[in-house]
Amino acid sequence: MYANLFLGYWEREIFGEGVQAASHAQCWYRYIDDIFVVWQGTEPGFRDLIRELNSNPYNIKLTYTIDAKEIDSLDIKILVDSVGNIQSDVFRKATSVNSLLHATSAHLSSTIKAVPNIFGAPKQRWGCFPCGSCLACHNIDRATYFTTSDGGRDYRIVHYISCSTTFVVYYAVCPCNLIYVGLTSLELRTRTREHVRDIVAAKTCTDPSALKTIPGHFRLRHNCDPTGLRIRGIDKVHMGTRGGNSKQVLAQLECRWIVSLNTMSPHGLNEKLSFAPFL
């Protein structure tokens, strides 16, 4: 900012106090300390202008490039074509190249991961994908879609969701194909493991009426066996640049999917539905 203000002050001196040679500049555009000039005059006259401008009390020294047909300014290449029209293209400096690192490099893993994979880079994947390295993976499905409780409609998962994804709406299915829609602001794997622990603990619970929905159902119908629990993330909160209340948006998503998938009891395992997040 200071460089911008300082050079702006200096430019006012150039054009305000009448540096005579500057009158041949048809346009003068500056971005911080890079200046683009269209010159209508002789080349020796332009060199005289640079010498005059470099004779200043501020220790400002200008360097320059002159060309009648093509010149590079910042990230733009400006050209004059064969019929005199001005064209532009993207300009890349010689140092603007991709970073390459050999696969057997002894660099830190974080350094290797930071280098873009420009050879056969995988396409973006949408869906729910277990990470393959945590205990929750046994219960999390690899899936790109999910269905309504009656199987009448399929929905595509339009986000990338893994075991470590937070602020997720998930879809849990028991062996008798009843669906429960839930939410979690924690990692999906954390919520999955909580469900598994609750199902196992339900076997020794002395008050079945105190059990939550999923462990209560697995105790009643599936002998508290958590291996039959299948979970997939189906949606997640994606806040824009303006931010907002992530937990409220998450609760709104859960409500929408409970209604859309028709998972309220007796069609599914959801027993409560609140529209308070929309108020």
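The model is predicted, so local features need pLDDT of at least 70, side-chain atom pairs count only at pLDDT 80 or more, and totals for chains, interfaces and linings use all residues. Residues are numbered from 1 along each chain as its sequence is written, and side-chain values use heavy atoms, leaving out hydrogens and water. The protein chain has six helices and 12 strands, taken as DSSP runs (helices H or I, at least four residues; strands E, at least two) and numbered from the N terminus.

**Whole chain**
- Of the 279 residues in the protein chain, 33% are buried (under 20% relative accessible area, 1.4 Å probe, protein chains only).
- Residues at least 24 apart account for 51% of the contacts between residues at least 6 apart in sequence; a contact means heavy atoms within 4.5 Å.

- Strands β1 (residues 25-31) and β2 (residues 34-39) run antiparallel and are joined by six bridges; pairing requires at least two DSSP bridges.
- Tyr29 stands opposite Phe36 in β2.
- Two residues lie between the strands, and Ile32 takes a positive phi near 55°.

**Helix α6**
- The 16 residues of α6 (residues 246-261) should span 22 Å at 1.5 Å a residue, which agrees with the 22 Å between its end C-alpha atoms; the expected span is 1.5 Å times one less than the number of residues.
- Buried residues of α6 include Leu250, Trp257 and Leu261.
- The buried residues of α6 pack against β7 (145-147), β8 (154-156), β10 (168-173), β11 (179-184) and β12 (230-236).
- Asn262 follows α6 and has a positive phi, near 55°.

Note on methods: Buried means under 20% relative accessible area, exposed over 50%, partly exposed in between (1.4 Å probe, protein chains only).
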